[in-house]
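User: I would like to go through the fold of this protein with you. Could you bring it up?

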Amino acid sequence: MSTATYTVHGMTCGHCVSSVKEEVSEVAGVTNVEVDLATGLLTVGSEGPVDRARIATAVEEAGYELADRS
């Protein structure tokens, strides 16, 4: 089990959180996604390490931007 935390820019509401969770959940290997709207933190649980670029792509698909490493 692996956990990684990222910062997402641009989220302003609950719908934003839902969109990010939905897209990131579809990344292969991801088992758990938590998003904190107040801090912009995205915590991704997975079976093993997941390439940051794959997470960034999923966040961008949701309409937001992954910040530089937090």
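User: What pattern does the protein follow, read along the sequence?
Analyst: The pattern is β-α-β-β-α-β, with helices (H or I, at least four residues) and strands (E, at least two) taken as DSSP runs numbered from the N terminus. This is a predicted model, in which local features need pLDDT of at least 70, side-chain atom pairs count only at pLDDT 80 or more, and totals for chains, interfaces and linings use all residues. Residues are numbered from 1 along each chain as its sequence is written, and side-chain values use heavy atoms, without hydrogens and water.

User: What is the strand order in the sheet?
Analyst: The four strands form an open sheet in the order S2-S3-S1-S4, paired antiparallel; two strands pair if DSSP finds at least two bridges between them.

User: And which strands stand at the edges?
Analyst: Strands S2 (30-36) and S4 (65-66) do; each has a single partner strand, so one side of each is left without a neighbour in the sheet.

User: How many bridges join S1 to S4?
Analyst: Two bridges join S4 to the antiparallel strand S1 (residues 2-9). Val8 stands opposite Leu66 in S4.

User: Where does H1 pack?
Analyst: Helix H1 (residues 14-25) packs on the sheet and touches S2 and S3 (41-46), a contact being heavy atoms within 4.5 Å. The directions of H1 and S2 make about 160 degrees, using lines fitted to C-alpha atoms, for helices over the stretch in contact, with angles from 0 to 180 degrees between N-to-C directions.

User: Changing topic, what share of the residues is buried?
Analyst: Buried residues (under 20% relative accessible area, 1.4 Å probe, protein chains only) make up 40% of the 70 residues.

Conventions:
Buried < 20%, exposed > 50% of the residue type's maximum accessible area, 1.4 Å probe, protein only.
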